[in-house]
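Good morning, and thank you for coming. Please look at the model on the screen while I go through how its parts touch one another.

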Amino acid sequence: MIEFSDVTFVHDNGVKALDGITLKVDAGETVAIVGENGAGKTTLVKHVTGLLKPTSGTVLVDEVDTRTTSTATLSRKVGVAFQNPDHQLFSESVEEEMAFALRNFGFPPHLVEQRVSWGLQLFGLEEYRKSSPLVLSGGEKKRLTLACILAWDPGVVILDEPTVGQDAIQKEKLVGTIRMLGSTGKTVIVVSHDIEFLWPLQPRVVVMKSGRIVADGLAKEVMAKKEMLESARVAQPQLVSFYQALARRPGSPFVDALEARRWIEGGQQ
Amino acid sequence: MVNLLELDKLSFRYPDSPRKAVVDFDLAVSEGEVVVLAGPSGCGKSTLLRAINGLIPHMYTGEYSGDVRVAGSSVRASSMRDLAQTVGFLFQNPENQIFMFTVERDVAFGLENLGVPRPEMRRRVDEAIDLLGIENLSQRAPHELSDGQKQRVALAGVLAMRPRLIILDEPTSLLDPKTAMELVDLVASLRKQLGTTFVVVEHRLDLLVKVADRIVVMNAGAKVLDGTPRDVLFGEEADGYGVSVPAVTRLQKMLAKDGLAPDDRLLSAAELASTVERKGA
Amino acid sequence: MMWLSGGFIFRKGTSKYHRLDPRVKLLISALMFVTTLMVRSVFQLAIVLAFMVAVAAIATVLRRVARTMVLTATFSVFIFIINIVFTRNLETSALYASRFVAIVVSTSLFFITTSPDELEQVMKMFRLPRDVVFAFVTAVRFIPVMMLDALQIMDAQKSRGLELEKGNLLRRVRNMIPILIPLVVNAVVRSGELAEAMESRAYGAVARPTSLAEYRARTVDKVVAVVAVLTFAFAVYSFYFLLPTFLP
């Protein structure tokens with residue numbers, strides 16, 4: 001579905017942001033990309049829709065080479081929710097905002113209407129249909145940008161730091177949304193440094209450091225590698241630290257507190 | 001002894017809003033305390049912070065009742081000039097509080113505004129830069145810096161004014177966990193070295209639990225919880241108010257109910273693990 | 001765009017010229033400017049231009065100044081043509097055209113060797129209102145930030161299917177709206193946040209703020225200033241009284 005083949009990217013100022021990235025994401029996978037700020041996570045994401053083209057190596061999205069395709073075309077298949085909603089909201093009303101991408105992608109008017117209504121419903125934004133997107137709260141704006149993307153139903157959804165500035169309730173809703181996307185067969189890529197948020201999702205985890213991939217595997221395996229995480233400056237989920245501190249422990253780390261309690265109270269078997 | 005900060009039944013309503021942003025808020029903070037203010041988005045935290053440093057009512061007007069006193073003086077009756085020297089405010093976006101072309105000049109900004117004589121200014125600027133560990137950045141231009149570095153620069157600018165109370169508005173939101181931890185350690189060390197009092201608004205409680213003396217939870221403008229981190233996080237209501245209870249604490253709570261873990265203090269992951277093993281054996 | 005950035009954007013330099021007091025740099029450029037307006041023939045102007053090139057060489061900004069000269073010269077061809085059409089005088093048309101180039105070069109020399117910090121100092125020394133100076137400083141400081149904002153906005157909108165490269169002129173102008181509105185909105189929000197930060201750091205507390213930076217004229221600055229004025233005086237004297245008797 002998405003294939004990076006030995007991709008290297010060097011900025012105009014000579015800084016190497018990606019160094020020999022080889023990564024394959026299959027349709028329907030949920031992948032988390034973690035790493036400290038500056039490790040290259042956002043640079044990687046920008047390569048998927050052709051916002052950046054590799055200096056060497058290729059990026060294929062559904063067999064299409066990003067170097068020869070426009071971002072607008074690639075975005076039809078890959079929706080990216082950037083960190084800052086204020087970088088894209090501009091329409092007179094929320095419904096116009098949602099229609100923007102649909103129209104750009106050539107959806108006929110009756111389909112636009114249908115998708116807009118569906119998106120507003122799904123994200124609980126129907127009451128703001130005629131309001132200006134600029135007066136919405138931060139959390140509502142984030143929901144709106146996600147609704148805009150889902151309206152054109154891309155096969156891949158990429159979320160870039162979706163939890164920044166979100167409170168616990170909003171984060172929980174987000175976990176639910178990501179699960180929902182996965183269950184409808186979408187490929188989901190989440191870039192985040194919020195490890196506690198990612199842990200319950202148990203995604204495949206790709207750890208980046210200085211433009212390279214230093215780990216790639218199931219959450220339970222990757223998050224157990226303490227030294228690797230430390231050198232990549234990635235925090236370890238608290239429950240994994242707890243699990244590793246136990247002298248006697250089960251085969252794999254606990255996903256949530258409930259599971260941990262069950263094991264402990266079940267005689268620690 | 002007079003509390004450094006006192007909110008006395010503070011209520012505030014913005015002119016174009018039907019409901020109050022802050023409702024009957026009482027709070028007492030003593031000198032040297034680190035208080036974390038938490039609550040769901042839109043609960044009024046930003047308004048509360050601005051009422052403490054004087055932006056409300058001096059820059060934002062509205063329906064104001066009750067009182068806020070800093071070091072005994074009412075905020076309403078003081079000038080922004082005096083308040084700026086007692087209460088420092090580190091805003092959420094580091095970019096939009098750095099004005100000058102070079103880091104050093106920006107750290108001096110507040111002191112230039114106050115008309116501080118050059119030798120004294122030089123001393124305070126060097127001191128602030130030293131405390132924040134940004135000597136190697138002092139001649140750089142702000143747009144060349146990372147978010148974490150910009151934040152240190154902004155904080156240096158606040159510290160140069162030698163405030164007794166510093167407000168931090170979601171300081172870790174743009175930082176990755178390791179950089180965020182460094183900031184928290186910095187807060188702890190400033191409190192220790194200078195005796196500065198801190199009021200920090202933060203969602204990511206797991207980072208601040210080590211350094212916080214108290215957690216105050218706000219909802220719909222009113223104070224709903226106020227106590228030590230242990231009291232607030234172990235309480236029943238924490239989840240209801242969207243407070244991020246750290247995973248290990250959540251586990252400890254569950255086990256404590258069944259007598260398998262203590263409930264009088266918060267344990268770290270390692271501590272909880274050894275407690276569980278001892279009890280299990 | 002290239003012309004503007006090459007000709008007027010400051011870049012750090014280490015030459016002795018860069019280290020001169022900004023007032024002296026301003027004086028030198030101002031005197032060059034005035035001389036340009038006073039010369040009477042293309043030959044005299046050529047001498048002035050040669051002098052500017054020499055100064056640019058001393059300031060190690062020769063390549064940039066040379067490029068500015070060439071790019072400006074292409075504009076000045078139009079000035080030449082228009083003048084020829086209306087006055088039919090070769091000499092004066094050439095003079096006006098080359099004068100334009102010289103004016104641009106003298107101004108450019110000042111801006112490319114003077115940092116925004118120094119510009120601020122100069123503005124303060126000329127007792128411009130504090131708010132005006134501050135507005136200028138803040139605006140320049142945020143130029144790179146706004147440029148980055150614009151890039152990020154373009155990325156976001158491209159990711160929603162916006163094609164910035166396609167279409168006729170009208171279409172392309174319309175496609176700027178999803179870029180401009182967020183840019184302007186962000187700028188307005190930014191101003192609000194800056195205002196809060198300003199108040200919180202006591203902006204306006206005192207009528208005359210003090211300054212961390214010190215700009216005291218050194219001996220070399222004073223000497224260069226005097227030399228500049230003498231050179232100017234000599235040049236004016238030569239052009240008006242000496243040379244006309246020898247050359248056309």
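This is a predicted model: local features need pLDDT of at least 70, side-chain atom pairs count only at pLDDT 80 or more; totals for chains, interfaces and linings use all residues.

I begin with chain C, of which 25 residues are in contact with 33 residues of chain B. Two residues are in contact here if their C-beta atoms, placed from the backbone, lie within 7 Å. On the side of chain C that touches chain B, at least two residues each come from α6 (116–125), α7 (130–141), α8 and α10 of chain C. The largest share, seven residues, belongs to α10(C). Helices (H or I, at least four residues) and strands (E, at least two) are DSSP runs, numbered from the N terminus. By class, this side of chain C holds 13 nonpolar, four polar and eight charged residues. In this scheme Ala, Val, Leu, Ile, Met, Phe, Trp, Tyr, Cys and Pro count as nonpolar, Asp, Glu, Lys and Arg as charged, and the others, Gly among them, as polar.

Residues are numbered from 1 along each chain as its sequence is written, while chains are lettered from A and ligands numbered from 1 in the order in which they are written.

Chain C also touches chain A, through 17 residues of chain C and 19 residues of chain A. Here α8 (143–158) and α10 (177–200) of chain C each supply at least two residues of the side of chain C that touches chain A. That side divides into eight nonpolar, five polar and four charged residues.

Next, chain B. How do α4 (103–113) and α6 (147–159) of chain B pack? Their axes are 7 Å apart, at an angle of about 35 degrees; axes are lines fitted to C-alpha atoms, for helices over the stretch in contact, and angles run from 0 to 180 degrees between N-to-C directions. Among the residues that meet are F109(B) in α4(B) and V153(B) in α6(B). By class, this contact has five nonpolar, two polar and one charged residues.

Finally, chain A has an open sheet of six strands with mixed pairing, in the order β6-β7-β8-β3-β9-β10. Two strands pair if DSSP finds at least two bridges between them. At the edges, β6 (78–81) and β10 (212–218) of chain A each have a single partner strand, so one side of each is left without a neighbour in the sheet. β6(A) pairs with β7 (156–160) of chain A in the parallel sense, over four bridges.
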